[in-house]
Amino acid sequence: MSDYSASPLLLQAEGLKLRFGGIIAADGIDLSLHEGEHLAIIGPNGAGKTTFLNICTGYLRPQGGSVRFENREITAQPPRQITRLGIARAFQIPQLFAEQTVLENMLLAVSVRERHWNPLRNLHAVPERREMEGLLELVGCSDVRDRVASELPEGKRKLADIAIALALKPRVLLMDEPTSGVASADKFDVMETLMNALRQAKVSSVFVEHDMEMVSRYATRVAVWAQGKIQTTGAPEVVLNDPDVVRNVIGG
Amino acid sequence: MSRKSLDAFPDHAVSATAAAEAPWPVRRRHREKYAMNKELLAFIIVAVLLAVVPFTFGTSTTFIAMSLAKGLAVLGILILLRAGQVSFGHAMYFAIGAYAAAFLSSAFRGIDMLLLIGAAILASGVAGAIVGIFVTRYRGIFFGMVNLAFSMVFYSILEKAFHITGGSDGMRIRRPTLLGMELKRAEFDIAIYYVILLFALLSVWLVWRYLRSPMGEALRAVKSNETRLEYVGLSAKSVLLGGYIASAVLCGIGGVFMGMVQGLATPEHAFWTRSSELVFIAALGGPAHVAGAFGGTVVFEAVRTYAAALLDDSWQLILGVTLIVIILWAPGGMVELFRRLTGLDRAKTLTPEAGR
Ligand SMILES: Nc1ncnc2c1ncn2[C@@H]1O[C@H](COP(=O)(O)OP(=O)(O)OP(=O)(O)O)[C@@H](O)[C@H]1O
Ligand SMILES: [Mg+2]
């Protein structure tokens, strides 16, 4: 396991605090992501993992603390601005353009990335069409390319959602339980291909995950989130064998 | 899932696999093209038929001219429907188009028709941009109501400021010249018919293209998922604003034509019943296709004109029943009925292009 603390800092959260009524989702979270890292966040249900992604992307404003991206303050900027800076997100509950086909979802995303706003050019005629078909192939969605997004089975929806995030060519990809709902026979295949592609394209990632096998295979570092705090962080082989973590998170 | 496809990310597009895949995408593309050619053919046939109206059904020329003018406004409504929004105030832009012409033609005698049209486009576009900045914050019922509120304010201004606007009598629109030519009444009726037809055809083509462009597709995304829209880096509000301005301009063009045909701009044009009439026609015609806007208008106007001749006040009844039937059995309007009758809706599941 290599050490990434020397590589440039991409995302840096400091002292994030957020509570919903009595529920403490974040209580002084410090977490950072360096270039090349693939950080897994694990923790019990309702711990605040998704909330963290919501704060990082400007969907929620923290009650305290700040988020920086490449040394630029991005706390509570609107999601579209943060997205344009190079942070893309795939959701726990997939967010697709339900009325359009999977390919059209991708083409729309890439049109925003490339600013294709010619009102007379057909969406299907954008020059990145092949690239988008390639991404769909990569995540195993080629077979549903021309299906309307609302008709997809859950697993394909998750994957299409990731493909949309990839279409934006981000520097950082945030994923929320990327393969939940994907048939277990395909899970590791998809993740393997995806992570290889991310490494090759030098995209760093943060992924929330409940499957410890996934974590140990693909994370370069793990953060354990419980009771609004980072309980511990470190290499997967260390953290996943920590008796406290096993008792509180994995076992429980 | 093939491993070799990872070469595809991020720059080098696909491996040949996607292209060489199954034969069916090829067939699909063929079908798409076929469907498009058919649409183009239908477009040309309708255009030709409309072009010969003054020579064949000369008495209907003005009726069709007015239907086309209103159809332009309905086309504007259709754009908003694409984003899932219904405005109950768009007659305001219709009136703005008509009044822009009225003011100009009373200020400058013998002004050219093209200038009046240009003024209407400008006025409705600017008004659409200003009002749009406010209303695009809202969705659904609120969007509809805020539009209604703006239009009612505008309506009462037109009514009350009678020293400027002529009050409820409205303003005359003098017969303009066309490219510098002074036209007699009969000549003018024919000339404006062709100008309206030209604008209608052009608008249909432009809107058809626009709705299939990334911007137009983003409009549908406003309806289906604003969160994802934000998370691909786009503001739903500005996407909707673009569509809103386009719809306002289309209503403005419809209004200036209606005004010139009737020689009159009245506050009536901005009244809320006119707004809901536009929405009614859009629902009747069907929002799925640009043809629905004009088909709906012709049917609407025909029922209103000819039913009134048969039986007083029967047209509301007929149209009301028609709308109920449409909503219950063909929510896609006449467009859907047409597709069902011609079997074109089977193609819909095969070709993603056909479904809109
Ligand atoms: N917008 C919100 N308003 C109120 N409460 C919220 C909101 N978002 C999250 N919460 C609450 O905050 C807590 C943390 O939620 P979060 O979704 O971040 O958990 P999580 O770690 O992602 O859980 P899971 O593993 O089940 O996805 C939960 O109790 C949730 O109900
Ligand atoms: Mg979650």
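In chain A of this predicted model, strand 1 (residues 9-20) and strand 4 (residues 64-69) are paired in the antiparallel sense through five bridges. Within this pairing, Ala13(A) has Val67(A) of strand 4 as its bridge partner. The two strands belong to an open sheet of four strands in chain A, ordered 2-1-4-5, with antiparallel pairing. Its edges are formed by strand 2 (23-34) and strand 5 (72-73) of chain A, each of which pairs on one side only. In general, the strands of a sheet are paired through backbone hydrogen bonds, in either a parallel or an antiparallel arrangement.

Parallel pairing is found around strand 8 (residues 204-208) of chain A. Strand 3 (residues 38-42) of chain A runs parallel to strand 8 and is joined to it by four bridges; here Ile41(A) has Val208(A) as its bridge partner. Together with helix 6 (residues 184-200) of chain A, strands 7 and 8 of that chain make up a right-handed β-α-β unit. Strand 8 of chain A is mostly covered, with five of its five residues buried. From this strand, Ser204(A), Val206(A) and Val208(A) point one way, whereas Ser205(A) and Phe207(A) point the other way; all are buried.

A further covered element of chain A is helix 4 (residues 129-138). Nine of the ten residues of this helix are buried, and helix 4 is therefore largely enclosed by the rest of the structure. The buried residues are Arg129(A), Glu131(A), Met132(A), Glu133(A), Gly134(A), Leu135(A), Leu136(A), Glu137(A) and Leu138(A). After helix 4 of chain A comes Gly140(A), which has a positive phi, near 75°.

The magnesium ion (ligand 2) has Thr50(A), through OG1, and Gln92(A), through OE1, as its protein donors, at 1.9 to 2.2 Å. This pair links distant parts of the chain, the two residues being 42 residues apart. Thr50(A) lies in helix 1 (residues 49-56) of chain A, and Gln92(A) lies in the loop between strand 6 (87-90) and helix 3 (102-113) of chain A. With a relative accessibility of 23%, Thr50(A) counts as partly exposed. Gln92(A) likewise counts as partly exposed, because its relative accessibility is 32%.

Chain B has a secondary structure of 17 helices and two strands. Of its 356 residues, 50% are buried. The accessible surface of chain B amounts to about 16400 Å², and carbon and sulfur atoms account for 71% of this area. Among contacts in chain B with a separation of 6 or more, 79% are made by residues 24 or more positions apart.

Val261(B) is located in helix 12 (residues 236-262) of that chain and counts as buried, because its relative accessibility of 11% falls under 20%. Beyond its neighbours within four places in sequence, Val261(B) contacts Thr62(B), Ala65(B), Met66(B), Arg185(B), Ile192(B) and Ile196(B). The C-alpha atom of Val261(B) is separated by 11 Å from that of Pro176(B), a residue 85 residues apart from it along the chain.

Glu230(B) is placed in helix 11 (residues 226-231) of chain B. This residue also counts as buried, at 17% relative accessibility. With neighbours within four places in sequence set aside, the contacts of Glu230(B) include Pro78(A), Pro79(A), Arg80(A) and Thr83(A) from chain A, together with Ser235(B) and Ala236(B) from chain B.

As to confidence, the predictor assigns the complex an ipTM of 0.92 and a pTM of 0.87. Chain B has a mean pLDDT of 81, with 86% of its residues reaching 70 or more. Over residues 1-26 of chain B, however, the pLDDT is below 50, and this stretch has 49 contacts in the model beyond near neighbours in sequence. Residues 346-356 of chain B also have a pLDDT under 50; for these residues the model contains 27 contacts beyond four places in sequence.

How values were computed: Residues are numbered from 1 along each chain as its sequence is written. Chains are lettered from A and ligands numbered from 1 in the order in which they are written. This is a predicted model: local features need pLDDT of at least 70, side-chain atom pairs count only at pLDDT 80 or more; totals for chains, interfaces and linings use all residues. Side-chain values use heavy atoms; hydrogens and water are left out. Buried means under 20% relative accessible area, exposed over 50%, partly exposed in between (1.4 Å probe, protein chains only). Contact means heavy atoms within 4.5 Å. Accessible areas come from the Shrake-Rupley method with a 1.4 Å probe; for residues, only the protein chains shown count as cover. Donors are N, O and S atoms within 2.8 Å of the metal (3.2 Å for Na, K and Ca); water is not among the atoms, so sites may look incomplete. Two strands pair if DSSP finds at least two bridges between them. A crossover is right-handed if, with the strands pointing away from the viewer, the path from the first strand over the helix to the second runs clockwise. pLDDT is the predictor's confidence in each residue, from 0 to 100.
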